[in-house]
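Please read the sequence and the coordinates side by side. The paragraphs below are meant to be checked against them.

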Amino acid sequence: MPATASRSAPEERLVNLVVALMATEQGLTKDTILSSVTGYREQLEAGASKDALEKMFERDKENLRGLGVPIETIGNRADPDDLREARYRVPTAEYALPDDISFSPAEIALLNVAGGVWGSESLSTDARSGLRKIRALGIPVDEPIIGYAPRIRVRDASFAALQRAIEECRVVTFVYLRPGEAQPRERRVRPLALVEYEARWHVFGFDLNMDAERTFLLSRIVGDVTLRREKFAPALREGAGDRALAGLRAVADRQRALLEVHPGTEASLRLARRAQQAPQGLLVPYVDLHVFADELASYGPEVRVVAPDDLRDEVVRRLRATVAVHGGVA
């Protein structure tokens with residue numbers, strides 16, 4: 001059965017959690033978070049078990065910490081190991097800039113561009129209802145912080161459905177187009193982890209049709225992801241993310257492109273972050289030849305592929321196709 005549209009997307013729940021934890025100095029207890037923060041509260045009201053929600057909260061905390069969000073745990077002073085009444089917060093002082101920092105006009109322009117991901121519209125009705133419940137408990141909140149909501153978009157439409165399937169340990173089916181194949185094929189998968197690698201999202205799981213673990217690039221999923229009634233053991237998720245990343249790194253270690261890149265260009269800024277210097281240019285690891293060829297072609301004359309030949313051929317083919325579409329001569 002397909003994912004329910006009314007359920008909050010996982011990334012929305014993470015944003016709501018960060019905003020709530022930033023909005024209070026004294027911190028929020030786990031019970032307050034589960035009953036007041038949008039994304040948890042609606043599932044609690046729908047009958048989800050407290051144990052399941054607590055496990056979801058623990059995973060969300062680890063995901064946010066992995067993204068660099070400093071979630072602080074305030075325990076019992078008399079017994080620091082007793083976390084039954086622990087409070088959680090994101091200390092806003094972690095984000096304060098020293099007084100002696102200043103920005104040039106160019107830096108301010110870049111910050112303005114980055115600030116475009118923020119909107120000044122108020123939070124949703126559900127989120128504000130949760131804030132009223134927090135205030136009713138006598139916990140002060142910082143209204144200026146609550147008044148802003150980041151506009152986060154997951155580029156791949158399948159992300160939310162896969163995240164839900166992982167949380168609920170449910171088998172999914174989707175149609176997947178492999179590189180070099182003309183027709184997509186349906187896959188039936190136990191999704192175990194979502195991982196980001198080379199700025200692209202992948203789902204790692206057990207392909208029931210192939211009877212083996214596989215990693216799928218979300219951008220190659222065609223159409224909707226369907227959640228099935230069939231479930232799997234939660235223990236299968238343990239260590240899945242680490243196995244997925246290890247597999248992607250192993251592929252990238254075997255595939256390295258030698259590139260000549262014009263200094264000071266967008267290509268130089270983006271590629272140098274994941275490259276090694278070579279006598280002739282940059283050595284850049286990659287996982288998917290076709291996806292990497294798309295990226296390199298988008299840089300136009302800023303990049304020249306020295307090796308390997310198949311990657312160079314794919315980039316040239318994309319550039320020729322672009323020239324042909326615009327009526328030029330390749």
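What follows goes through conventions, core, a helix, a sheet, backbone exceptions and salt bridges.

This is a predicted model, in which local features need pLDDT of at least 70 and side-chain atom pairs count only at pLDDT 80 or more, while totals for chains, interfaces and linings use all residues. Residues are numbered from 1 along each chain as its sequence is written, and side-chain values use heavy atoms, with hydrogens and water left out.

Consider the nonpolar core. The term stands for a set of buried Ala, Val, Leu, Ile, Met, Phe, Trp, Tyr and Cys residues joined through side-chain atoms within 4.5 Å. Buried is under 20% relative accessible area, exposed is over 50%, and partly exposed is in between, for a 1.4 Å probe and protein chains only. In soluble globular proteins, nonpolar side chains tend to be buried together. The largest nonpolar core has 19 residues, of which Leu 21, Ile 33 and Tyr 40 touch the most other members. At least two residues of this core come from each of helix 1 (10–22), helix 2 (30–36) and helix 4 (50–66); helix 1 gives the most, with 5 residues. Helices (H or I, at least four residues) and strands (E, at least two) are DSSP runs, numbered from the N terminus. Which residues is Ile 33 in contact with, leaving aside its neighbours within four places in sequence? They are Leu 17, Leu 21, Leu 28, Tyr 40, Phe 57 and Tyr 88, where contact means heavy atoms within 4.5 Å.

Helix 9 (residues 240–254) can be taken by itself. Its 15 residues reach 22 Å from the first C-alpha to the last, close to the 21 Å expected at 1.5 Å a residue; the expected span is 1.5 Å times one less than the number of residues. Ala 240, Ala 244, Leu 245, Leu 248 and Ala 252 are buried in helix 9. Seen down the axis, the buried residues of helix 9 fall within an arc of 130°, so they line one face of the helix. The arc is that of the directions from the helix axis to the C-beta atoms. Asp 242 and Arg 254, on the other side of helix 9, are exposed. The cover over the buried residues of helix 9 includes strand 7 (185–197), strand 8 (200–207), strand 9 (212–217), strand 11 (256–261) and strand 13 (281–285).

An open sheet is formed by 3 strands in the order 1-3-2, with antiparallel pairing. Strand 1 (28–29) and strand 2 (72–74) are the edge strands, each pairing on one side only. Two strands pair if DSSP finds at least two bridges between them. Strand 1 and strand 3 (residues 87–89) run antiparallel and are joined by 2 bridges, and Thr 29 stands opposite Arg 87 in strand 3.

Now the backbone exceptions. Most residues other than glycine have a negative phi, and most peptide bonds are trans. Cys 169 has a positive phi, near 55°, and lies in the loop between helix 8 (159–168) and strand 6 (170–176). Cys 169 is buried, with a relative accessible area of 5%. Asp 211 also has a positive phi, of about 55°, and is placed in the loop between strand 8 and strand 9. Asp 211 is exposed, with a relative accessible area of 58%. The peptide bond from Ala 307 to Pro 308 is cis, with omega near 5°; Pro 308 is found in the loop between strand 14 (303–307) and helix 12 (309–325).

How many salt bridges are there? The count comes to 23, a salt bridge being a side-chain nitrogen of Lys or Arg within 4 Å of a carboxyl oxygen of Asp or Glu. Lys 55 and Asp 51 form one at 3.5 Å, N to O; they are 4 residues apart in helix 4, about one helical turn. Lys 55 is partly exposed at 47% relative accessible area, and Asp 51 is partly exposed at 46%. Arg 220 forms a salt bridge with Asp 288, the closest N and O atoms being 3.1 Å apart. Arg 220 lies in the loop between strand 9 and strand 10 (221–231) and Asp 288 in the loop between strand 13 and helix 11 (289–298), so the pair ties together parts that are 68 residues apart in sequence. Both Arg 220 and Asp 288 are buried.
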